[in-house]
Amino acid sequence: MMKVWIVFLLCLAGHAMAAPTEEQPMDEELVMDEELVVEDPVVEEVEVGANPVQVEIGEFDEAIEVEEDVEDDVAEDLCQQHQCKKGKVCEVDDSNTPMCVCQDASTCLPAEGQFEHVCGTDNKTYDTSCHFFATKCTLEGTKKGHKLHLDYIGPCKDIEPCLDNELNEFPLRMRDWLKNVLVTLYERDQDNNLLSEKQKLRVKKIYENEKRLQAGDHSLDLLAHDFVKNYNMYIFPVHWQFGQLDQHPADGYLTHGELAPLRAPLLPMEHCTTRFFETCDADSDKYIALEEWAACFGIKEQDVDQDLVI
(Lines give C-alpha, C1' and ligand atoms only; values in the text may rest on other atoms or scores of the structure.)
Protein backbone atom coordinates (compact mmCIF):
# COMPACT_ATOMS: atom_id res chain seq x y z
CA MET A 1 0.00 0.00 0.00
CA MET A 2 2.85 2.40 0.74
CA LYS A 3 4.17 2.05 -2.80
CA VAL A 4 0.73 2.94 -4.14
CA TRP A 5 0.56 5.98 -1.87
CA ILE A 6 3.99 7.23 -2.90
CA VAL A 7 3.14 6.86 -6.59
CA PHE A 8 -0.08 8.71 -5.86
CA LEU A 9 1.92 11.46 -4.16
CA LEU A 10 4.24 11.93 -7.11
CA CYS A 11 1.34 12.00 -9.56
CA LEU A 12 -0.41 14.66 -7.52
CA ALA A 13 2.79 16.65 -7.18
CA GLY A 14 3.13 16.80 -10.95
CA HIS A 15 -0.52 17.67 -11.31
CA ALA A 16 -0.35 20.47 -8.75
CA MET A 17 2.79 22.07 -10.17
CA ALA A 18 1.73 21.72 -13.79
CA ALA A 19 -1.90 22.75 -13.42
CA PRO A 20 -2.72 25.69 -15.71
CA THR A 21 -4.04 28.78 -14.01
CA GLU A 22 -7.11 28.86 -16.19
CA GLU A 23 -8.29 25.43 -15.09
CA GLN A 24 -11.75 25.68 -13.58
CA PRO A 25 -11.91 24.63 -9.90
CA MET A 26 -14.40 22.18 -8.48
CA ASP A 27 -17.30 23.25 -6.33
CA GLU A 28 -16.99 23.13 -2.56
CA GLU A 29 -19.97 20.80 -2.42
CA LEU A 30 -17.80 17.70 -2.68
CA VAL A 31 -19.01 15.66 0.27
CA MET A 32 -17.89 12.63 2.22
CA ASP A 33 -21.15 10.67 2.25
CA GLU A 34 -24.72 11.11 3.51
CA GLU A 35 -23.47 10.70 7.11
CA LEU A 36 -20.91 13.52 6.93
CA VAL A 37 -19.76 14.92 10.22
CA VAL A 38 -18.98 18.48 9.18
CA GLU A 39 -20.55 21.20 7.09
CA ASP A 40 -19.26 23.81 4.67
CA PRO A 41 -18.88 27.43 5.75
CA VAL A 42 -19.55 30.32 3.42
CA VAL A 43 -16.07 31.20 2.28
CA GLU A 44 -14.23 33.28 -0.25
CA GLU A 45 -11.68 31.93 -2.66
CA VAL A 46 -8.20 31.89 -1.18
CA GLU A 47 -4.95 31.46 -3.03
CA VAL A 48 -3.27 28.29 -1.82
CA GLY A 49 0.14 26.91 -2.70
CA ALA A 50 0.66 23.56 -4.38
CA ASN A 51 0.31 20.70 -1.95
CA PRO A 52 0.85 17.26 -3.48
CA VAL A 53 -0.65 15.58 -0.43
CA GLN A 54 -4.00 16.56 -1.76
CA VAL A 55 -5.70 17.78 -4.88
CA GLU A 56 -5.35 21.55 -5.01
CA ILE A 57 -7.61 23.24 -2.48
CA GLY A 58 -9.06 25.53 -5.11
CA GLU A 59 -10.51 22.57 -6.97
CA PHE A 60 -12.99 22.01 -4.16
CA ASP A 61 -13.95 25.55 -3.21
CA GLU A 62 -17.11 27.26 -4.15
CA ALA A 63 -14.65 28.98 -6.42
CA ILE A 64 -15.65 31.43 -9.06
CA GLU A 65 -14.33 31.94 -12.50
CA VAL A 66 -14.85 34.33 -15.37
CA GLU A 67 -16.05 32.79 -18.59
CA GLU A 68 -13.73 33.99 -21.34
CA ASP A 69 -15.48 32.50 -24.37
CA VAL A 70 -17.97 35.31 -25.16
CA GLU A 71 -19.20 36.66 -28.45
CA ASP A 72 -17.83 40.20 -28.41
CA ASP A 73 -15.60 42.57 -26.48
CA VAL A 74 -18.49 44.27 -24.68
CA ALA A 75 -19.91 41.01 -23.44
CA GLU A 76 -16.41 39.87 -22.48
CA ASP A 77 -15.83 42.98 -20.38
CA LEU A 78 -19.18 42.57 -18.64
CA CYS A 79 -18.61 38.90 -17.90
CA GLN A 80 -15.12 39.54 -16.57
CA GLN A 81 -16.75 41.41 -13.71
CA HIS A 82 -19.47 38.81 -13.22
CA GLN A 83 -18.67 35.75 -11.17
CA CYS A 84 -20.21 32.32 -11.74
CA LYS A 85 -20.03 29.18 -9.65
CA LYS A 86 -18.73 25.90 -10.99
CA GLY A 87 -21.15 24.40 -13.49
CA LYS A 88 -22.29 27.80 -14.75
CA VAL A 89 -20.97 30.21 -17.36
CA CYS A 90 -21.58 33.90 -17.93
CA GLU A 91 -23.79 35.11 -20.75
CA VAL A 92 -25.07 38.58 -21.61
CA ASP A 93 -28.77 39.02 -22.37
CA ASP A 94 -30.38 41.42 -24.88
CA SER A 95 -30.16 44.28 -22.40
CA ASN A 96 -26.42 43.73 -21.92
CA THR A 97 -26.95 42.32 -18.44
CA PRO A 98 -24.54 39.52 -17.50
CA MET A 99 -26.08 36.43 -15.98
CA CYS A 100 -24.94 32.95 -14.95
CA VAL A 101 -26.50 30.05 -16.79
CA CYS A 102 -25.88 26.32 -16.59
CA GLN A 103 -23.02 25.17 -18.77
CA ASP A 104 -23.83 22.72 -21.53
CA ALA A 105 -22.03 19.49 -20.56
CA SER A 106 -21.29 18.87 -24.23
CA THR A 107 -18.95 21.87 -24.19
CA CYS A 108 -16.72 20.28 -21.51
CA LEU A 109 -13.39 18.94 -22.69
CA PRO A 110 -13.11 15.13 -22.59
CA ALA A 111 -10.99 13.48 -19.92
CA GLU A 112 -7.35 12.87 -20.77
CA GLY A 113 -6.90 10.15 -18.19
CA GLN A 114 -8.56 8.10 -15.45
CA PHE A 115 -7.61 10.66 -12.84
CA GLU A 116 -10.01 13.18 -14.37
CA HIS A 117 -13.02 10.92 -13.91
CA VAL A 118 -15.13 11.64 -10.82
CA CYS A 119 -17.76 9.66 -8.95
CA GLY A 120 -20.98 11.29 -7.81
CA THR A 121 -23.09 10.32 -4.83
CA ASP A 122 -25.52 8.87 -7.36
CA ASN A 123 -22.84 6.19 -7.94
CA LYS A 124 -22.41 7.41 -11.51
CA THR A 125 -19.02 8.02 -13.10
CA TYR A 126 -18.70 11.40 -14.82
CA ASP A 127 -16.05 11.97 -17.48
CA THR A 128 -14.70 15.09 -15.74
CA SER A 129 -15.67 17.44 -12.92
CA CYS A 130 -16.88 19.84 -15.61
CA HIS A 131 -19.40 17.27 -16.82
CA PHE A 132 -20.47 16.58 -13.24
CA PHE A 133 -21.09 20.18 -12.22
CA ALA A 134 -22.78 21.04 -15.51
CA THR A 135 -25.15 18.13 -14.88
CA LYS A 136 -25.71 19.14 -11.26
CA CYS A 137 -26.54 22.67 -12.34
CA THR A 138 -29.35 21.48 -14.60
CA LEU A 139 -30.87 19.68 -11.58
CA GLU A 140 -30.92 22.74 -9.31
CA GLY A 141 -34.17 23.05 -7.40
CA THR A 142 -34.96 19.35 -7.63
CA LYS A 143 -34.74 16.67 -4.95
CA LYS A 144 -32.24 14.76 -7.06
CA GLY A 145 -30.07 17.84 -7.51
CA HIS A 146 -30.10 18.57 -3.77
CA LYS A 147 -28.80 15.09 -2.99
CA LEU A 148 -26.24 14.95 -5.79
CA HIS A 149 -22.68 15.75 -4.76
CA LEU A 150 -19.22 14.89 -6.00
CA ASP A 151 -18.10 11.99 -3.82
CA TYR A 152 -14.54 11.15 -4.81
CA ILE A 153 -11.91 11.29 -7.53
CA GLY A 154 -11.82 8.48 -10.07
CA PRO A 155 -14.38 6.11 -11.57
CA CYS A 156 -17.07 4.79 -9.23
CA LYS A 157 -16.18 1.55 -7.49
CA ASP A 158 -17.37 -0.56 -4.59
CA ILE A 159 -16.05 0.95 -1.35
CA GLU A 160 -15.85 -1.71 1.34
CA PRO A 161 -17.17 -0.83 4.82
CA CYS A 162 -14.46 0.11 7.32
CA LEU A 163 -14.25 -2.40 10.16
CA ASP A 164 -13.21 -1.43 13.67
CA ASN A 165 -9.83 -3.14 13.48
CA GLU A 166 -9.14 -1.49 10.12
CA LEU A 167 -10.02 1.91 11.57
CA ASN A 168 -7.44 1.38 14.31
CA GLU A 169 -4.80 0.58 11.68
CA PHE A 170 -5.51 3.58 9.47
CA PRO A 171 -3.64 6.27 11.46
CA LEU A 172 -0.52 4.06 11.55
CA ARG A 173 -0.20 4.23 7.75
CA MET A 174 -1.44 7.81 7.52
CA ARG A 175 1.13 9.13 10.00
CA ASP A 176 3.96 7.37 8.19
CA TRP A 177 2.69 8.62 4.85
CA LEU A 178 2.53 12.26 5.99
CA LYS A 179 6.08 12.03 7.28
CA ASN A 180 7.30 10.60 3.97
CA VAL A 181 5.34 13.21 2.02
CA LEU A 182 7.20 15.97 3.82
CA VAL A 183 10.55 14.25 3.27
CA THR A 184 9.73 13.90 -0.44
CA LEU A 185 8.77 17.57 -0.65
CA TYR A 186 12.02 18.51 1.07
CA GLU A 187 14.00 16.47 -1.47
CA ARG A 188 12.14 17.96 -4.43
CA ASP A 189 11.88 21.51 -3.15
CA GLN A 190 14.67 23.28 -5.00
CA ASP A 191 13.00 26.40 -6.34
CA ASN A 192 9.40 25.20 -6.22
CA ASN A 193 8.56 26.87 -2.92
CA LEU A 194 6.64 23.82 -1.77
CA LEU A 195 7.75 24.47 1.80
CA SER A 196 8.49 27.66 3.69
CA GLU A 197 11.97 28.21 5.10
CA LYS A 198 10.71 27.49 8.60
CA GLN A 199 9.08 24.27 7.40
CA LYS A 200 12.27 23.22 5.61
CA LEU A 201 14.24 23.57 8.82
CA ARG A 202 11.80 21.34 10.67
CA VAL A 203 11.72 18.72 7.92
CA LYS A 204 15.50 18.83 7.61
CA LYS A 205 15.78 17.51 11.15
CA ILE A 206 13.56 14.58 10.22
CA TYR A 207 15.33 14.01 6.90
CA GLU A 208 18.80 13.89 8.47
CA ASN A 209 17.82 11.73 11.43
CA GLU A 210 19.53 8.36 11.00
CA LYS A 211 16.79 6.68 13.02
CA ARG A 212 14.11 7.66 10.50
CA LEU A 213 12.10 4.75 9.14
CA GLN A 214 12.59 4.82 5.39
CA ALA A 215 9.59 4.81 3.08
CA GLY A 216 8.36 1.37 2.11
CA ASP A 217 5.79 -1.32 2.78
CA HIS A 218 6.10 -1.89 6.51
CA SER A 219 4.14 -4.13 8.84
CA LEU A 220 1.67 -2.50 11.19
CA ASP A 221 3.71 -3.73 14.14
CA LEU A 222 6.80 -1.94 12.82
CA LEU A 223 4.84 1.26 12.18
CA ALA A 224 3.43 1.16 15.71
CA HIS A 225 6.88 0.49 17.19
CA ASP A 226 8.45 3.32 15.19
CA PHE A 227 5.79 5.76 16.33
CA VAL A 228 6.66 5.04 19.94
CA LYS A 229 10.43 4.99 19.33
CA ASN A 230 10.57 8.08 17.07
CA TYR A 231 7.46 9.90 18.28
CA ASN A 232 8.92 13.39 17.78
CA MET A 233 9.31 12.82 14.03
CA TYR A 234 5.53 12.55 13.64
CA ILE A 235 4.45 15.67 15.52
CA PHE A 236 5.20 18.20 12.79
CA PRO A 237 3.80 16.20 9.82
CA VAL A 238 0.44 15.87 11.57
CA HIS A 239 0.34 19.60 12.35
CA TRP A 240 1.52 20.49 8.84
CA GLN A 241 -1.30 18.61 7.14
CA PHE A 242 -3.86 20.31 9.36
CA GLY A 243 -2.44 23.69 8.33
CA GLN A 244 -2.58 22.74 4.66
CA LEU A 245 -6.28 21.91 4.96
CA ASP A 246 -7.34 24.73 7.27
CA GLN A 247 -7.70 27.43 4.63
CA HIS A 248 -11.36 28.45 4.33
CA PRO A 249 -10.98 30.26 6.65
CA ALA A 250 -7.82 29.50 8.59
CA ASP A 251 -9.61 29.42 11.93
CA GLY A 252 -8.25 26.33 13.69
CA TYR A 253 -11.13 24.10 12.58
CA LEU A 254 -11.66 21.76 9.63
CA THR A 255 -14.99 21.51 7.84
CA HIS A 256 -15.87 18.74 5.42
CA GLY A 257 -15.23 21.18 2.58
CA GLU A 258 -11.69 21.69 3.82
CA LEU A 259 -11.17 17.95 4.30
CA ALA A 260 -12.44 17.12 0.82
CA PRO A 261 -9.17 17.78 -1.09
CA LEU A 262 -7.44 15.14 1.04
CA ARG A 263 -10.33 12.74 1.39
CA ALA A 264 -11.49 12.56 -2.23
CA PRO A 265 -8.24 11.20 -3.75
CA LEU A 266 -7.53 8.88 -0.79
CA LEU A 267 -10.93 7.24 -0.45
CA PRO A 268 -10.61 4.93 -3.48
CA MET A 269 -7.35 3.56 -2.01
CA GLU A 270 -8.10 3.77 1.71
CA HIS A 271 -11.69 2.83 2.43
CA CYS A 272 -11.48 3.91 6.09
CA THR A 273 -10.80 7.54 5.16
CA THR A 274 -14.36 8.78 5.63
CA ARG A 275 -14.95 6.95 8.90
CA PHE A 276 -11.59 8.14 10.25
CA PHE A 277 -12.51 11.78 9.65
CA GLU A 278 -15.90 11.19 11.24
CA THR A 279 -14.40 9.77 14.43
CA CYS A 280 -11.99 12.71 14.66
CA ASP A 281 -14.95 14.94 15.51
CA ALA A 282 -14.91 13.77 19.12
CA ASP A 283 -17.53 16.26 20.37
CA SER A 284 -19.78 15.82 17.29
CA ASP A 285 -20.01 19.57 16.68
CA LYS A 286 -19.39 19.12 12.94
CA TYR A 287 -15.95 20.76 13.15
CA ILE A 288 -12.58 19.13 13.73
CA ALA A 289 -10.36 21.25 15.96
CA LEU A 290 -6.58 20.97 15.92
CA GLU A 291 -6.69 19.18 19.26
CA GLU A 292 -9.14 16.61 17.88
CA TRP A 293 -7.07 16.15 14.71
CA ALA A 294 -3.88 15.61 16.71
CA ALA A 295 -5.59 13.15 19.05
CA CYS A 296 -6.77 11.11 16.04
CA PHE A 297 -3.14 10.59 15.09
CA GLY A 298 -2.00 9.81 18.61
CA ILE A 299 -0.28 13.13 19.28
CA LYS A 300 -0.22 13.91 22.99
CA GLU A 301 -2.21 16.89 24.23
CA GLN A 302 0.88 18.65 25.58
CA ASP A 303 2.49 18.46 22.13
CA VAL A 304 -0.33 20.23 20.27
CA ASP A 305 1.10 23.54 19.07
CA GLN A 306 -0.77 26.04 16.91
CA ASP A 307 2.55 27.52 15.76
CA LEU A 308 3.38 24.26 13.96
CA VAL A 309 0.49 24.58 11.49
CA ILE A 310 1.83 27.81 10.00
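**View 1. The buried side of α10 packs against α5, α9 (256–266), β9 (288–289) and α11 (290–296)**. This is a predicted model, where local features need pLDDT of at least 70 and side-chain atom pairs count only at pLDDT 80 or more, while totals for chains, interfaces and linings use all residues. Numbering runs from 1 along each chain as its sequence is written, and side-chain values use heavy atoms, leaving out hydrogens and water. Helices (H or I, at least four residues) and strands (E, at least two) are DSSP runs, numbered from the N terminus. Six of the eight residues in α10 (273–280) are buried (under 20% relative accessible area, 1.4 Å probe, protein chains only). They are Thr273, Thr274, Phe276, Phe277, Glu278 and Cys280.

View 2. Neighbours within four places aside, Phe276 is in contact (heavy atoms within 4.5 Å) with Leu167, Phe170, Pro171, Cys296 and Phe297.

**View 3. Asp189 lies in the loop between α5 (164–188) and α6 (197–207)**. Asp189 is buried, at 7% relative accessible area. A polar atom of the Asp189 side chain lies 2.9 Å from the backbone nitrogen of Leu195. Not counting residues up to four places away, Asp189 touches Leu194, Leu195 and Lys200.

Conventions. Buried < 20%, exposed > 50% of the residue type's maximum accessible area, 1.4 Å probe, protein only. Polar contact = N/O pair within 3.5 Å; in protein donor to acceptor, adjacent residues only side chain to side chain.
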